[in-house]
Amino acid sequence: MVIIMIFKLLILFLVCAFVVQYARSRHISRVNTSERWGLGVCGGIARHAGVNVEVVRAIAVLAVLLMPVTVVCIYVALGQSLPQSQY
């Protein structure tokens, strides 16, 4: 039982590390405006992809409902590791 839990945590860590590395390689940054919610990750992804931020936020909420621990860990990891945009 303990080995399975350790294995799951290891996989979660690797997924977070992969997502953060991918986002940094694509030069995605967090938004630095008064319109941001939370850490500004959804706004940065929306700006990079060229879509409306409300669409990205809706997808993020749906993802949290489906996989709460994984998505929250990835969101926090991105929020802590991505730089803030200059504009």
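**Entry 1: Arg 30**

I began with Arg 30, which sits in the loop between α1 and α2. I am working from a predicted model, and I keep that in mind throughout. I then looked for what its side chain reaches, and found the backbone oxygen of Gly 79 at 3.3 Å. Leaving aside neighbours within four places in sequence, I listed the contacts of Arg 30, among them Arg 36, Leu 39, Gly 40, Val 41 and Gly 44. The list also includes Leu 78, Gly 79, Leu 82, Pro 83, Gln 84 and Ser 85.

**Entry 2: Other residues of that loop**

I stayed in the loop between α1 and α2 and turned to Arg 26, which is found there.

His 27 counts as exposed, with a relative accessibility of 68%.

**Entry 3: The chain as a whole**

I stepped back to see how the chain is built, and I counted four helices and zero strands. Read from the N terminus, the order of the elements is α-α-α-α. The C-alpha trace spans about 45 × 25 × 20 Å along its principal axes. Of the 87 residues, 25% count as buried. I also looked at contacts with a separation of 6 or more, and 61% of them in this chain are between residues 24 or more positions apart.

**Entry 4: The largest nonpolar core**

Which residues make up the largest nonpolar core? I found nine in all, namely Leu 12, Cys 16, Val 20, Ala 23, Ile 28, Val 41, Ile 74, Leu 78 and Leu 82. Helices α1 (2-25) and α4 each supply at least two residues of this core, and the largest share, four residues, comes from α1. As a reminder to myself, nonpolar side chains tend to be buried together in soluble globular proteins.

**Entry 5: Two residues of α4**

Ser 81 is found in helix α4, which covers residues 68-81. Its side chain reaches the backbone oxygen of Ala 77 at 2.8 Å. An α-helix has 3.6 residues a turn, so residues three or four places apart point the same way. With residues up to four places away in sequence not counted, Ser 81 touches Val 20 and Arg 24.

I looked next at Cys 73, which also has its place in helix α4. At 30% relative accessibility, Cys 73 counts as partly exposed. Setting aside neighbours within four places in sequence, I found Cys 73 in contact with Leu 12 and Cys 16, both of which belong to the largest nonpolar core. For a distance, I took Cys 73 and Asn 32, which are 41 residues apart along the chain, and their C-alpha atoms are separated by 21 Å.

**Entry 6: Helix α2**

I asked which residues of α2 are buried. They are Val 41, Cys 42, Gly 43, Gly 44 and Ala 46, and what covers them includes α3 and α4. Two of these, Val 41 and Gly 44, are also on the contact list of Arg 30. After α2 comes Gly 50, whose phi is positive, near 80°.

**Entry 7: The largest pocket**

I finished with the largest pocket, in which about 430 Å³ of space lies. The pocket is lined by 21 residues, and the closest to its centre are Cys 42, Ala 60, Val 61, Val 71 and Tyr 75. I asked which helix gives the most to the lining. That helix is α3, with seven residues, while α2 (41-49), α3 (53-66) and α4 each supply at least two. By class, I recorded 17 nonpolar, two polar and two charged residues in the lining. Cys 42, one of those closest to the pocket centre, is also one of the buried residues of α2.

Key. Residues are numbered from 1 along each chain as its sequence is written. This is a predicted model: local features need pLDDT of at least 70, side-chain atom pairs count only at pLDDT 80 or more; totals for chains, interfaces and linings use all residues. Side-chain values use heavy atoms; hydrogens and water are left out. A polar contact is a pair of N or O atoms within 3.5 Å; within protein, one must be able to donate a hydrogen and the other to accept it, and residues adjacent in sequence count only if both atoms are side-chain atoms. Contact means heavy atoms within 4.5 Å. On a 1 Å grid over the protein atoms alone, a cavity is a set of points where a 1.4 Å probe fits but cannot get out, and a pocket is an open set with protein on both sides within 12 Å along at least five of seven lines; lining residues have an atom within 4 Å of a point. Grid points are joined across faces, edges and corners, and a volume is the space filled by probe spheres set on the points. Ala, Val, Leu, Ile, Met, Phe, Trp, Tyr, Cys and Pro count as nonpolar, Asp, Glu, Lys and Arg as charged, and the others, Gly among them, as polar. A nonpolar core is a set of buried Ala, Val, Leu, Ile, Met, Phe, Trp, Tyr and Cys residues joined through side-chain atoms within 4.5 Å. Buried means under 20% relative accessible area, exposed over 50%, partly exposed in between (1.4 Å probe, protein chains only).
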